[in-house]
Every structure is written in structure tokens, then in C-alpha cells.
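Okay everyone, let's get going.

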Amino acid sequence: TKAFDVERIRRDFPILAQEVNGKPLVYLDNGASAQKPIAVLDAMDRYYREMHSNVHRGAHTLGDRATAAFEGARETVRSFVNAPSSREIIWTRGTTEAINLVANGLAPRLKEGDEILVSHMEHHANIVPWQMVAERTGAKVVPVPVNSAGELDLDAFNSLLNERTRILAITHVSNVLGTVNPIASLIKKAKDQGALTLIDGAQAVPHFKPDVQALDCDFYVFSSHKLFGPTGIGVLYGRAELLEQMPPYQGGGEMIERVSFERTTWNVLPYKFEAGTPAIAEAVGLAAAIRYLDNLDRKAMEAAENALLARANELVSTVPGMEIIGTAAKKVPVMSFKIAGLHPSDIGTLLDQQGIAIRTGHHCAMPLMDFYGVPGTARASFAFYNTLEEVEQLFAGLQKIQRLFT
Ligand SMILES: Cc1ncc(COP(=O)(O)O)c(CN[C@@H](CS)C(=O)O)c1O
């Protein structure tokens with residue numbers, strides 16, 4: 001794989017070339033939201049300048065242009081996840097709404113004593129919707145524990161998966177730990193038990209393309225804004241035969257076939273789940289982000305990301321009292337950590353004064369914080385446009401803080 005020319009790549013991301021607090025911005029909070037390439041900005045600008053209209057109304061030329069752009073974006077997403085049909089690609093506001101849609105759609109199948117298997121490393125978006133549905137149906141949410149390295153306890157998984165397991169809802173990648181779960185085998189085991197499978201791909205898709213047919217999962221969800229696309233839009237991939245059986249998530253225009261006060265019938269897939277005017281420009285922006293990624297050498301991108309994480313791991317020992325939280329064998333370039341004597345939020349604030357952006361807190365994964373016995377962590381999450389120099393700057397900043405404040 002040819003060397004990854006990160007300096008040329010960085011010129012595609014205008015936001016990176018700025019100073020924060022008088023220092024060059026070092027943006028290491030990509031797990032919270034990634035930055036956007038010019039190709040995305042141009043695609044959305046061009047959409048509004050030349051194509052915008054409401055969609056699926058078929059009344060005039062601009063409407064046809066907007067509809068073609070919108071449905072073309074859906075096809076780009078279909079290809080990105082290798083779904084059999086674009087009917088199985090549902091636009092949502094993001095990962096959170098996609099999971100809520102599925103949880104509500106599967107609720108009619110759940111009864112007293114049924115189990116929904118999740119993991120202890122889940123984001124609240126893949127815990128709370130299931131708790132809400134369990135509350136209503138008498139089902140139970142059962143968490144699979146993780147080990148101290150932040151890997152799923154596979155023995156526990158095997159013993160917790162049983163004939164009462166109706167759904168396995170699990171993250172592909174942990175937003176806190178960076179752990180990549182062995183989801184292909186987890187999905188197979190769940191299917192052997194007759195359970196449906198939902199995979200939270202929010203932190204996976206910035207690093208690799210999911211193949212939903214190879215994974216053979218029933219649902220796969222992610223957000224555009226973590227995949228270098230705009231906020232306000234996300235994707236639910238769902239197996240068509242399941243989506244057909246699920247009731248609509250929201251009512252309104254678009255999702256109907258015929259409305260009368262006597263009886264209302266639903267539209268076909270995917271529109272049954274897309275009530276109201278959609279996020280059209282955002283769909284166009286997400287498609288542009290996917291095309292941008294498709295033009296990158298993915299192997300080189302992965303090698304560059306792994307080099308960033310390897311450099312960070314090497315430098316941990318230069319900061320007295322620093323400890324990594326999440327040391328799985330298979331990780332994406334996310335590094336949560338704590339420093340003895342320092343509160344995570346102080347680390348974040350003091351790094352920001354040096355122009356360095358990381359995230360601190362519970363990262364919407366409180367059960368995981370409880371497991372580690374911490375109120376929160378500091379988290380650096382790298383993207384392919386970060387540089388080894390930025391990793392060095394992070395640690396120089398941490399060394400300075402550690403010296404000054406402990
Ligand atoms: C694994 C996982 N699952 C769901 C979500 C929610 O994505 P939304 O686009 O907000 O709906 C996220 C978003 N995690 C951000 C914001 S809390 C982070 O800083 O880690 C996630 O990482």
C-alpha cells in the first residue's frame with residue numbers, strides 16, 4: 001500500500017488548518033464527531049444552489065432533481081453496506097433514532113420473560129431504547145460483561161445466550177474502549193438460537209466498511225456525522241422481510257399509501273419508516289462522504305490509523321500515572337485513559353488551552369464507567385487525517401499538565 005499522504009489529505013479538511021487558543025488545532029475528538037472534507041461541503045452547497053426542492057412530489061424539474069439526488073444517495077449507502085436492496089436502507093436522524101425505531105418495531109414480538117442481550121460496553125443509545133421497550137413488554141435487558149482489557153467475556157456471552165434470547169443488540173466497536181467485537185461469530189451464535197441481531201456501527205464505519213450480507217445481521221445502524229458526513233442524518237439497514245412486518249415508527253406524510261378517517265394504509269419500504277420531509281441535503285452530503293472515503297486507499301488508511309495508535313501506546317510511559325482504559329487485542333484508534341491525581345475534565349480543559357481537543361466524561365456509557373470504577377475518562381479518538389506529530393503534541397501536553405498539576 002502506498003504511503004498515506006496525510007498532509008495532502010488534511011488540505012481536504014479546511015477546519016483543521018486553524019489555531020485554537022493561539023496554538024494549531026489538534027482535533028482528537030473524532031469519536032464524538034468527525035470533520036468534513038470539502039467534497040461534502042461542495043456537494044451540499046451545490047445541492048442547495050442547483051437542485052433543492054421537496055422530494056417524491058414529482059410536480060416539476062427541481063423536484064425530480066432533488067428526488068434523484070436523494071434516492072441516488074440511498075443507493076450509495078446501500079452499496080457502502082452491501083445491502084441486497086435500497087428498500088432496506090432507511091434514513092433516520094442518526095444511530096440513536098435508528099435503534100429506537102428498531103426497538104419500537106420489534107416490541108410487538110416481545111413478551112414477559114423474553115431477553116434482550118446487550119453488552120456492558122454499550123453506548124446509552126443501545127441500552128435505553130431496549131430498557132424502555134422491556135418496561136412495556138415484560139422483557140428483560142441482559143448485559144454481557146467485559147473483562148478488564150475491555151473485551152467481551154465470550155464465555156459469559158455463550159452462557160447468557162439462551163432460548164429466551166429474542167434479540168442481540170451489540171456494538172461493533174466501543175466508543176470508549178476502541179474494542180472491535182467479533183460480531184460475525186456473535187451474530188451466528190445468536191441466529192442459531194433464533195435471536196434477531198442489531199449491530200451498532202456508529203464507531204465502526206469511520207474505520208471500515210460493513211458488509212451486512214457477509215455479517216448476516218438483521219439490522220446495522222450508524223450516523224453520518226461520524227463518517228465524515230453532515231449531522232442530522234443516519235442509516236438503518238434492516239432485512240426487508242423484518243421491516244415489512246414492523247409497524248411504522250412515526251406517522252405523517254410520505255409514510256402512507258392512503259389516508260381516510262375510516263382507514264389508513266402504509267407506504268412501501270423504505271418510505272413506511274420515513275414520515276415527513278427528510279434531511280435531503282444531509283443525505284447528499286453523506287453520499288459525498290462515502291464517495292470521498294471510497295477514493296482513499298483503505299489499506300493505507302488503516303495502516304496510518306494503526307500507526308497513530310501504536311505511537312500513542314508507546315508514549316503512555318512518558319506520562320507518570322497515566323493508565324489506558326481499553327487494551328483489547330483488536331482496537332480502532334481510540335484511547336481512553338486516566339492520570340493519577342487528575343480529574344478527566346481538568347485534563348480536557350488544560351489540553352484545550354493548548355489547542356488540543358479530546359473528550360472527557362462518561363461518553364454516554366455509564367455502566368462501563370461503573371465497571372471500571374471511574375466517574376469518566378479522558379478519550380483521544382484519532383482519524384486518518386491526524387498526524388504522528390499530533391500524537392506527540394497530545395503527549396507533550398499531558399506531560400506538561402502532569403508536571404504542573406500533581
Ligand atoms: C457506539 C455509539 N453508538 C451510538 C452513538 C450515538 O450516535 P448519535 O449520532 O448521537 O445518535 C454513539 C455516539 N457517540 C459519541 C457521542 S456520545 C461519542 O462521543 O462517543 C456511539 O459512539
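Let's start with a pair of helices: α12 and α14 cross in a right-handed way. By right-handed I mean that the near helix is turned clockwise from the far one by less than a right angle, with anticlockwise being left-handed. Helices here are DSSP runs of H or I with at least four residues, strands are runs of E with at least two, and both are numbered from the N terminus.

Before I go on, a word on where this comes from: it's a predicted model, so local features need pLDDT of at least 70 and side-chain atom pairs count only at pLDDT 80 or more, while totals for chains, interfaces and linings use all residues. Residues are numbered from 1 along each chain as its sequence is written, and side-chain values use heavy atoms, with hydrogens and water left out.

Back to our two helices. The axes of α12 and α14 are 10 Å apart, and the packing angle is about 120°. Those axes are lines fitted to C-alpha atoms, for helices over the stretch in contact, and the angles run from 0 to 180 degrees between N-to-C directions. Which residues of α12 and α14 meet? On the α12 side we have I347, L350 and L351, and on the α14 side L394, G397, L398, I401 and F405. Contact, by the way, means heavy atoms within 4.5 Å. The residues of this contact split into 7 nonpolar, 1 polar and no charged.

Staying with α12, which covers residues 344–352, its buried residues are P344, I347, G348, L350 and L351. Buried means under 20% relative accessible area, exposed is over 50%, and partly exposed is in between, using a 1.4 Å probe and protein chains only. The cover over those buried α12 residues includes β14, β15, β16, β17 and α14.

I356 has a relative accessible area of 3%, so it counts as buried. Setting aside neighbours within four places in sequence, I356 touches V26, L28, L351, Q393 and L394.

Next, α11, residues 298–315. Its 18 residues should span 26 Å at 1.5 Å a residue, and the end C-alpha atoms are 26 Å apart, so the two agree. The expected span is 1.5 Å times one less than the number of residues. The buried residues of α11 are A300, M301, E305, L308, L309, A312 and L315, and they pack against α10, β14 and α14.

That brings us to α10 and its other partner. The axes of α2 (residues 38–51) and α10 (residues 280–294) come within 8 Å and cross at roughly 145°. This crossing is right-handed too. From α2, the contact uses A39, V40, A43, M44, Y47 and Y48, and among the α10 residues taking part are I280, E282, G285 and Y292. The contact residues divide into 12 nonpolar, 1 polar and 1 charged.

Now, rings. How many aromatic pairs does the structure hold? There are 12. Rings of Phe, Tyr and Trp (its six-membered ring) pair if their centres lie within 6.5 Å; planes under 30 degrees apart count as stacked, over 60 as edge-to-face and the rest as tilted. Y47 and Y48 have ring centres 5.3 Å apart and planes at 65°, so they're edge-to-face. Y47 is buried, at 0% relative accessible area.

F70 and W91 are another pair, with centres 5.9 Å apart and planes at 40°, so that one is tilted. F70 is in helix α3 and W91 in strand β4, 21 residues apart, so to speak a link between distant parts of the chain. F70 is buried at 1% relative accessibility, and W91 is buried at 7%.

There's also a cluster: ring pairs link F4, F13, F228, Y292, F384 and Y385. Q35, in the loop between β3 and α2, has contacts beyond four places in sequence that include F13, F228 and Y385. Q35 counts as buried too, at 12% relative accessibility.

That's my tour, thanks.

Conventions:
Ala, Val, Leu, Ile, Met, Phe, Trp, Tyr, Cys and Pro count as nonpolar, Asp, Glu, Lys and Arg as charged, and the others, Gly among them, as polar.
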